[in-house]
Amino acid sequence: MAAAVLVSGGMAVAVDQAAAGFAEDKLASRLACVAGLPQVPEVNIHGVPFFAQAMDGHYGAVSVLARQISLAKLTVREASATAHDVSVPGGEGQVRIGRVEASLVMDYSSLVAQAPAGARLSGSDGLVAIETTAELLGRRVPVTVFAEALLSGATLRVAPLEVEVLGLRTSVNALPAKIPGASGISRELPPLPGGLSYRQVTAADDGLRLSIGGEDLSLETAGGNDGAKSCGGAA
């Protein structure tokens with residue numbers, strides 16, 4: 001009897017996991033279609049049992065991970081998001097999300113257009129390093145400007161703090177000569193859906209990490225026949 005209970009319980013768990021996996025794959029394909037992603041993202045529906053959540057139309061948490069995407073002329077190495085307290089209607093209506101936490105890793109190449117010509121950008125100990133050249137004492141020498149990444153609403157600023165010339169690192173204001181990149185870099189970030197906002201930016205080795213968040217979000221589900229491409233029905 002105990003063996004039968006264990007076997008039946010194991011089968012129930014396996015079926016539930018298989019159903020969750022199917023739903024995750026279907027949702028991932030829909031997201032790739034809607035967002036025009038070059039690759040299908042990874043989707044994970046958290047919590048068990050899946051069937052109980054699906055029947056209730058309420059999911060504790062859903063996480064998404066996508067890599068190598070282009071977003072409004074930004075090169076994004078990785079985008080991840082977790083939606084908490086997700087309510088999905090059975091038909092058309094609003095998907096309600098209690099809280100969203102998201103992160104984008106933006107490649108430094110996305111700032112090259114705003115940087116001095118020929119400059120190379122990278123991360124260095126929590127700062128943005130702008131490698132360029134400057135003319136000092138009649139000759140061209142390599143220069144590295146170290147700057148802080150800052151957010152002001154949807155505006156990303158790279159504000160210079162220090163400069164290194166010929167092995168000497170000092171305040172960016174200490175040198176009399178005009179240093180390329182010393183005036184900083186500024187660019188507007190893509191607009192976000194209503195309820196989401198940029199929260200923080202950090203200069204990392206692999207790119208600028210943008211933290212995004214929001215609470216009490218409502219998203220309209222696709223409905224009607226307005227000529228837009230179809231990316232599948234509800235998961």
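Trainee: So a salt bridge is a side-chain nitrogen of Lys or Arg within 4 Å of a carboxyl oxygen of Asp or Glu. Which residues are linked in a network of salt bridges here?

Mentor: The network joins Glu42, Arg67 and Glu78. One thing before we go on: this is a predicted model, where local features need pLDDT of at least 70 and side-chain atom pairs count only at pLDDT 80 or more, while totals for chains, interfaces and linings use all residues. Residues are numbered from 1 along each chain as its sequence is written, and side-chain values use heavy atoms, with hydrogens and water left out.

Trainee: What do Arg67 and Glu78 count as, buried or exposed or something in between?

Mentor: Something in between. Arg67 is partly exposed because its relative accessibility is 39%, and Glu78 is partly exposed too, at 28%. Buried means under 20% relative accessible area and exposed means over 50%, with partly exposed in between (1.4 Å probe, protein chains only).

Trainee: Which residue forms a salt bridge with Glu101?

Mentor: That's Arg99, with the closest N and O atoms 3.0 Å apart. Glu101 has a relative accessible area of 40%, so it goes down as partly exposed. Arg99 is at 33%, so it is partly exposed as well.

Trainee: And what about Glu162, which residue is its salt bridge partner?

Mentor: Arg169, and there the closest N and O atoms are 2.9 Å apart. Glu162 is partly exposed at 30%, and so is Arg169 at 38%.

Trainee: Which ring does Arg169 lie over?

Mentor: The ring of Phe146, 3.6 Å from its centre. A charge sits over a ring if NZ of Lys or CZ of Arg is within 6 Å of the ring centre and within 35 degrees of the ring normal.

Trainee: Let's zoom out. How many helices and strands does the protein chain have?

Mentor: Two helices and twelve strands. Along the sequence the order goes α-β-α-β-β-β-β-β-β-β-β-β-β-β. The chain has 235 residues, and 37% of them count as buried.

Trainee: Back to strand 2 and strand 3. In which sense do they pair?

Mentor: They run antiparallel, over twelve bridges. Strands pair if DSSP finds at least two bridges between them.

Trainee: Over how many bridges does strand 3 pair with strand 4?

Mentor: Ten, again in the antiparallel sense, and strand 4 covers residues 94-106. On that side, Val86 stands opposite Ile97 in strand 4.

Trainee: Switching topic: where is Ser122, and is it buried or exposed?

Mentor: Ser122 is in strand 5 (residues 120-124). Its relative accessibility is 15%, so Ser122 counts as buried. Leaving aside neighbours within four places in sequence, Ser122 is in contact (heavy atoms within 4.5 Å) with Tyr108, Leu127, Val128, Ala129 and Glu131.

Trainee: Which residues are on the covered face of strand 10?

Mentor: Ile185 and Arg187 are on the covered face, while Ser186 and Glu188 are on the uncovered one; the strand spans residues 185-188. Strand 10 pairs antiparallel with strand 8 (residues 155-165) over four bridges. There, Arg157 stands opposite Ser186.

Trainee: Last one: where is Gly195?

Mentor: In the loop between strand 10 and strand 11 (196-204). At 48% relative accessibility, Gly195 is partly exposed. Gly213 is 18 residues from Gly195 in sequence, yet their C-alpha atoms are 8.3 Å apart in space. Beyond neighbours within four places in sequence, Gly195 contacts Gly213, Gly214, Glu215 and Leu217.
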